[in-house]
Structures are given as structure tokens and as C-alpha cells.
Amino acid sequence: MTLFDVYSLYNIEPVAGKGSFVYTADGTEYLDLYGGHAVISIGHAHPRYVKAISDQVSKLGFYSNSVENSLQTTLAEKLGTLTGYPDYQLFLCNSGAEANENAIKLASFTTGKKKVLAFSKAFHGRTSGAVAATDNPAIVSPFNRTANVEFAQFGNIDDVREKLSSGDFCAVIIEGIQGVSGIHEPGDDFLRQLRNITKSQGVVLILDEIQSGTGRTGTYFAHQTSGISPDIITMAKGIGNGFPIGAVLISPELKPVKGMLGTTFGGNHLACAAAIAVADVMAEEKLIENAADTGAYLIGELKKIPALKEVRGRGLMIGVEIEGNASELRKKLLFDHHIFTGGAGAHTVRLLPALCLNKQLADHFLNEFKAAL
Ligand SMILES: Cc1ncc(COP(=O)(O)O)c(C=O)c1O
């Protein structure tokens with residue numbers, strides 16, 4: 001059997017990781033400013049994380065959602081405190097797309113309506129509803145294409161108002177900061193206006209914090225600088241530091257009905273053990289504060305580089321727009337300077353490091369980056 005060849009691969013295989021670094025089999029060290037696509041939050045192979053998963057799998061790796069699992073309630077309590085949403089309800093699943101799928105489904109069940117408003121350049125995942133709400137026709141199959149999703153112009157509140165005036169919408173879905181599009185912020189004012197309009201029209205507001213959440217931007221969720229409370233928040237990526245887990249945070253105003261949502265693997269014992277360890281380490285090591293500090297430093301230093309077109313983002317979610325070809329620059333950074341970065345479009349390099357990145361490593365990156373430019 002061969003692999004279904006859908007990924008463009010770099011000819012490189014990390015086999016180990018530690019903190020902000022990954023290593024190939026010959027021991028070559030790479031600084032990881034990509035975090036495996038914003039997934040690594042507390043750092044590779046954190047000892048607390050390794051122990052939590054190892055201990056749990058030696059006891060019980062899995063049982064179904066038909067029995068009590070106190071690890072789920074422990075995780076819900078810890079996330080309630082860490083996120084600042086202690087009165088929200090938690091539904092656990094396995095990935096970001098699945099979290100959005102459940103969020104949309106819940107909005108539709110609750111309102112009895114079927115249309116979703118998403119935004120230009122949005123990315124919400126690759127499953128049926130999530131991909132339909134993703135503004136990239138290349139990854140939307142004919143089966144996924146639906147009149148139930150419309151797109152408003154990102155940041156244009158008049159466009160939102162006009163689209164919602166039909167009264168057909170169950171939800172508006174928006175990323176806390178657009179990631180795949182190349183790091184674009186909706187802006188606090190826009191989010192506040194969006195909250196007001198959705199509330200007044202009885203439309204569920206879904207904040208997709210799958211990439212921008214888990215402390216990456218210097219607050220637990222990117223939207224929290226705006227002061228709004230969404231009806232539903234979706235999470236994945238950093239919450240498990242690499243262990244597949246997705247989460248839907250649901251306002252107390254939305255009521256559960258038995259059987260309304262469900263999953264075999266979601267909230268399993270191993271995933272919960274991983275996410276509890278991540279939550280504990282984030283709080284104890286003050287990683288959100290570190291993301292804010294190190295991120296502000298990195299962004300400030302990047303903005304001093306005259307050759308760059310634009311530096312966007314917050315905390316450790318950064319988009320660096322260059323004049324030239326970003327893919328060539330990223331290859332150079334990887335193979336000549338041993339630094340992993342992410343991409344977005346033709347001219348943007350994305351930095352999505354673990355939240356434990358320190359200023360010394362930020363300086364190392366800055367020096368190598370300037371040399372590679
Ligand atoms: C904002 C956002 N939403 C959803 C997803 C989909 O998550 P997953 O790949 O875990 O399904 C991603 C993945 O990059 C994302 O960035």
C-alpha cells in the first residue's frame with residue numbers, strides 16, 4: 001500500500017522534540033516556529049505531559065461516553081477557570097473541523113434555522129459544514145457546496161447586517177484571528193458590532209478559536225480583548241499539545257438535549273489526561289503571559305526590519321509579509337538555518353511557535369531571518 005498523496009512534503013523527518021526544538025534521526029536540531037501548525041502549545045515532550053499520558057494509558061486508555069468519566073469534569077473545571085468562562089458548558093470531540101461541525105449543528109438545532117454566515121478568506125476545516133463555511137473553492141467538493149452558507153466581507157459590518165436581514169440564519173462563524181488567510185484580525189470594534197447584531201437578531205455567534213486560542217495571542221482567546229462573550233467558542237490544536245482533541249464551549253443560554261451531539265472518541269481518557277496536563281502547565285508556567293511578552297518583543301523587532309512589507313498579529317500568532325516568494329524563504333530558513341516556519345499565500349511567513357518560546361530564541365530567529373531575507 002502507498003500513501004494517498006495529498007500533502008506537499010519537505011524532505012525532512014523530525015523524530016524527537018524538546019521544548020521549542022525538534023530533531024532529525026542524525027541529531028540535527030531545528031528551532032520550531034511552526035508548532036506543527038499552531039498545535040504545540042506547552043512545548044514538545046513536556047515531562048508533565050509525557051507522564052500524564054503515560055500514567056493514564058497504563059491505567060485506562062479508553063472507555064465510551066456511556067459511563068462516567070471524571071477526567072472530563074476535571075478538564076471542564078480547569079478550562080472554565082483558565083478561559084474565563086466558568087459558567088459555559090463543554091462538549092469534547094476530536095479535531096477542529098469536528099468542533100465547528102458540532103457548533104453549527106447546535107446553532108441550527110437551537111434556532112431551527114439552517115443558514116450560516118461566514119467571512120471572506122475564512123478557514124474552518126475540511127468536514128462537510130466546516131468546509132462549506134471555508135472560503136476556498138479548491139477544497140469544497142460538489143457534495144459540500146451548499147446554499148446554506150453565505151460569505152460576508154471580512155470586517156464589513158454593513159454587509160453582515162444586510163445578509164442577516166433575511167432572517168434565515170442560525171449562526172455567524174468567525175475566527176478570533178484569521179490564520180490560514182495569513183493572520184488578519186477582525187478588530188475589537190467589528191467583533192462588538194457583530195455581537196450586537198447577532199444578539200438582536202437571535203443568531204448564534206460562533207468564535208472559531210482553533211488556531212488563535214489556547215493563549216497563543218496573549219489572552220486565552222483572541223476575541224477576549226474585545227470584551228464580548230460569544231454563544232459558542234470552538235477549540236482544538238493547542239488544547240492537546242499534539243494529542244487530537246477538539247472542544248466546543250457553550251454558553252449557559254444554550255440548553256443540551258440528550259443525544260443531540262455525540263462521538264465515540266471525543267473526551268476519551270487519554271485525550272482528557274493530555275488536555276488537563278496542558279491546562280496545568282499553561283497556568284503554572286504562565287505561558288499566556290509569556291506569549292504576550294515574547295510575542296510583543298518579536299513583533300516589535302520584526303517591525304524594525306525595513307525590507308518587510310507588513311508584520312501582523314498578536315502574541316505568538318504572527319504573519320510576516322515579504323516582497324518576495326515566501327515559500328522560497330521558508331525553504332531557506334528550514335534547510336540552511338534549521339528553522340521551521342509556516343506559510344500563508346505567496347508572500348506571508350507565519351510564526352506559530354510553542355508558547356514557551358523565550359527572548360533568546362526569538363533573537364536567534366531574528367538574526368537568522370535577517371540573514372535569510
Ligand atoms: C481557524 C481554524 N479552524 C478550523 C481548523 C480545522 O482544524 P482541524 O484541522 O483540527 O480539523 C483549522 C486548522 O488549521 C483552523 O486554523
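In what order do the seven strands of the open sheet run? Keep that in mind as we go. One caution before the answer: this is a predicted model.

Here is the order: S4-S10-S9-S8-S7-S5-S6, with mixed pairing. Now look at the edges. Strand S4, residues 89–93, stands at one of them, and strand S6, residues 149–152, at the other. Each has a single partner strand, so one side of each is left without a neighbour in the sheet. From one strand to the next, the twist averages 20°.

Let's zoom in on one pair. Strand S7 covers residues 169–175, and strand S8 covers residues 204–208. The two run parallel, joined by five bridges.

Next, the ligand. Which residues come nearest to the ligand? There are 15 residues around the ligand, and the nearest are Ser 95, Gly 96, Ala 97, Gly 125 and Gln 211. Helix H4, residues 96–111, gives the most to this shell, with three residues. By class, the shell has eight polar residues, five nonpolar and two charged.

On to another set of strands. Start with S12, residues 317–321. This strand is mostly covered, with four of its five residues buried. S12 pairs with strand S11, residues 310–314, in the antiparallel sense, over five bridges. Gly 313 stands opposite Ile 318 in S12. S11 and S12 form a hairpin, with two residues between them. Check the turn: Gly 315 has a positive phi of about 55°.

S12 has another pairing to show you. Strand S15, residues 348–351, pairs with S12 in the antiparallel sense over four bridges. Here Gly 319 has Arg 350 in S15 as its bridge partner.

Last stop, helix H2, residues 47–59.

Which residues of H2 are buried? They are Tyr 49, Ala 52, Ile 53 and Gln 56. Now turn the helix around. The face away from the buried side carries the exposed residues Pro 47, Lys 51, Ser 54, Asp 55 and Ser 58.

Technical notes
Residues numbered from 1 in each chain as written. Predicted model: local features only at pLDDT ≥ 70, side-chain atom pairs only at ≥ 80, totals over all residues. Pairing = 2+ DSSP bridges. Axes fitted to C-alpha atoms, helices over the stretch in contact; angles between N-to-C directions. Near = placed C-beta within 6 Å. Nonpolar A, V, L, I, M, F, W, Y, C, P; charged D, E, K, R; others polar. Buried ≥ 20, exposed ≤ 12 C-beta atoms within 10 Å, placed from the backbone. Expected span 1.5 Å × (residues − 1).
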